[in-house]
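Here is a short briefing on one structure.

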Amino acid sequence: MAQVRMMSLAGVLGAGLIALVASFIISDGTASTSTLYCVSNPSSSPILTLNSSTPHAKCFRVQGGIFIDVLEEIPDTSEEIRSLDGYVLPGLIDGHGHILQYGEMLESVWLYGAESIAEVRRRIKKFLKKHQGEGYGSHDKWIRGVGWDQKYFGGVMPTAKELGEDPSLSDLYIMLDRVDVHCVLTSQKVLDLLADPLPEAPPGGVIITDPGPGVFCDNAMDAIIYPLAPRPDVAQKTRWFHTAMTELNKVGIVGMGDAGMRPDDVSILESMVEKDELTIRIDVMLECAERNTYCPEETKGLKLLDSPDGMGADMLILGGVKLFADGALGSWGAALLEPYSDKPETNGTMLINETALTSVVKLWFDAGFQVNIHAIGDRANRAAVDSFENVLGPDCEGCNEARRLRIEHAQIIHPNDQKRISKMGIIPSIQPTHATSDMAYALSRLGTDRLANSAYRMRSLFPSSSKPSTYPGPVLGSDFPVEPPNPFHGMYAAVTRLNPATGESPAGEGGWHPEEKLSVEQALRGFTRNAAYGWFKEGRLGAIEKGMWADWVVIDKDISADLGKGLRDLVVRETWVGGRRVFPWNKKVVEESWIDRASAVGWEFLESAATWARGIGREDL
């Protein structure tokens with residue numbers, strides 16, 4: 001692999017390479033220029049660094065997109081000081097999202113909170129009025145939407161017939177994603193493209209026919225509906241990437257883990273990073289065209305495979321591969337060890353059986369990839385843990401540090417499997433707002449005992465302070481567009497166990513299962529240092545610390561105020577990535593930072609050279 005080739009090269013170049021690069025940087029006049037940033041009100045709004053040597057600071061210096069100094073006091077200096085007007089935190093990383101789908105959603109029908117099918121129809125008509133004359137609803141340009149939830153429809157899945165009850169919609173091609181994007185509702189025009197009667201659902205898929213057809217879930221939507229839908233071109237996808245990045249920067253996000261992207265779409269990002277068009281660091285988990293398979297032939301053309309440490313100054317990073325064990329709880333698709341309490345005829349759906357999952361995990365693991373498995377139900381989580389134990393070994397005690405295998409969602413985990421996850425150091429990647437969104441129906445789905453002992457763990461997934469561990473704790477994210485991407489809302493949900501949309505919970509103002517609350521610092525670490533650890537980037541990202549990439553956010557209030565309850569309405573004032581301001585966007589700042597970005601390549605090259613000479617590598621590929 002590329003990493004092996006680079007390590008071999010290190011033996012030849014060694015110290016001579018380091019000296020050459022160092023002389024290049026020193027001789028470059030622009031590289032010797034640094035910028036000093038200090039808080040405008042040092043008495044009340046210090047910089048929270050998450051840097052153990054300097055936990056709170058008042059200033060820092062940036063050079064070449066990197067923090068080169070962190071200062072506890074404002075220096076007595078004649079140099080220009082750039083003011084930071086507010087409270088400053090390390091840049092925030094959403095550990096699990098879907099950037100392309102989010103960009104598409106921003107150009108689709110918004111169905112979140114629609115309390116009836118009539119409201120769904122009304123929103124579609126409003127969308128069509130806004131986009132009149134643009135061809136939406138035709139065979140070549142379907143109407144897309146996302147966010148419906150049958151809990152608003154009396155718990156009954158909607159049908160194509162209900163969607164077409166308005167004559168103005170009855171002759172249109174429509175496909176609407178459920179809130180968890182594990183099911184789609186289709187119009188009659190889409191159903192007319194299928195055989196009559198409907199085909200059988202493939203393994204791991206469900207076709208809903210009661211009270212009528214129209215909804216397809218998991219492997220059924222992948223195998224039956226998606227192949228019929230029009231495919232967006234590169235220009236459209238590029239626009240979605242740009243649209244999504246703009247919105248994510250607004251809420252303080254400097255990086256995100258994309259939890260499942262096809263190689264063709266990764267190629268678009270590779271082109272964008274080469275043109276310096278990314279304003280967010282993107283860690284990509286590859287997904288095969290045929291989900292849950294081993295597809296090296298699809299990935300062999302990717303430039304990322306020859307860039308194990310990332311492209312474009314860590315703006316595009318390879319995060320391994322994404323596999324899917326089961327569906328989602330809201331649509332009864334999460335695979336459970338015991339039947340659903342409110343639907344005892346089903347245990348949910350495994351999208352791949354346990355034997356096949358173990359086999360495909362081993363193939364990717366042996367090829368050197370970090371493996372990330374979507375698992376929500378306790379059966380799916382057990383299957384994920386079993387497959388990881390198979391490759392890590394039954395005697396593994398914290399040995400996952402070298403490979404950083406992850407479980408995405410880790411939502412319902414049997415207590416025995418929680419212990420196994422802790423023992424091996426498997427990384428849970430969890431979304432706090434899933435807990436606060438699901439709490440309305442989680443009790444009915446799972447019952448009292450399963451909910452109390454297995455579901456929506458947060459605090460108990462952090463390592464014990466009495467047992468030293470290199471594993472820092474779970475990675476936190478939002479799973480946008482399933483949930484809104486605002487990381488401060490995720491922190492609020494984690495700290496209060498209240499719904500950030502309402503400030504409420506079924507258990508009252510004390511929060512839902514408050515024993516699993518996180519501290520404000522734990523929540524912040526989940527979106528910063530822990531997320532960086534999940535990317536093998538803990539030495540480069542996640543803190544305001546000398547030698548790390550200069551990513552930070554400026555906010556309007558102290559995140560600890562009112563025991564974290566102020567997180568709900570906190571406002572992001574500025575977002576900075578690699579020493580350049582990406583929100584609010586400013587042409588002058590971008591022009592000024594171009595030289596910094598150019599010199600950053602030199603600094604990154606120097607650090608890589610030093611790493612090679614020391615013989616240090618990592619095994620994330």
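Both Arg581 and Glu574 are buried, meaning under 20% relative accessible area, with exposed over 50% and partly exposed in between (1.4 Å probe, protein chains only). The model is predicted: local features need pLDDT of at least 70, side-chain atom pairs count only at pLDDT 80 or more, and totals for chains, interfaces and linings use all residues. Residues are numbered from 1 along each chain as its sequence is written, and side-chain values use heavy atoms, leaving out hydrogens and water.

**Salt bridges**

- Arg581 and Glu574 meet through their side chains in a salt bridge (3.9 Å, N to O); the term needs a side-chain nitrogen of Lys or Arg within 4 Å of a carboxyl oxygen of Asp or Glu.
- The whole structure holds 37 salt bridges.
- Arg144 pairs with Glu104 in a salt bridge, with the closest N and O atoms 3.2 Å apart.
- Arg144 sits in strand β10 (residues 143-148) and Glu104 in helix α2, so this pair ties together parts 40 residues apart in sequence. Helices (H or I, at least four residues) and strands (E, at least two) are DSSP runs, numbered from the N terminus.
- Arg382, Asp386, Glu389, Asp417 and Arg420 form a salt-bridge network.

**Within helix α3**

- Arg122 forms a salt bridge with Glu119, the closest N and O atoms being 2.8 Å apart.
- Both residues lie in α3 (residues 117-130), three residues apart, about one turn of the helix.
- Arg122 is partly exposed at 45% relative accessibility, while Glu119 is buried at 19%.

**Helix α8**

- The buried residues of α8 include Pro263, Val266 and Leu269.
- Just after α8, Asp276 takes a positive phi of about 60°.
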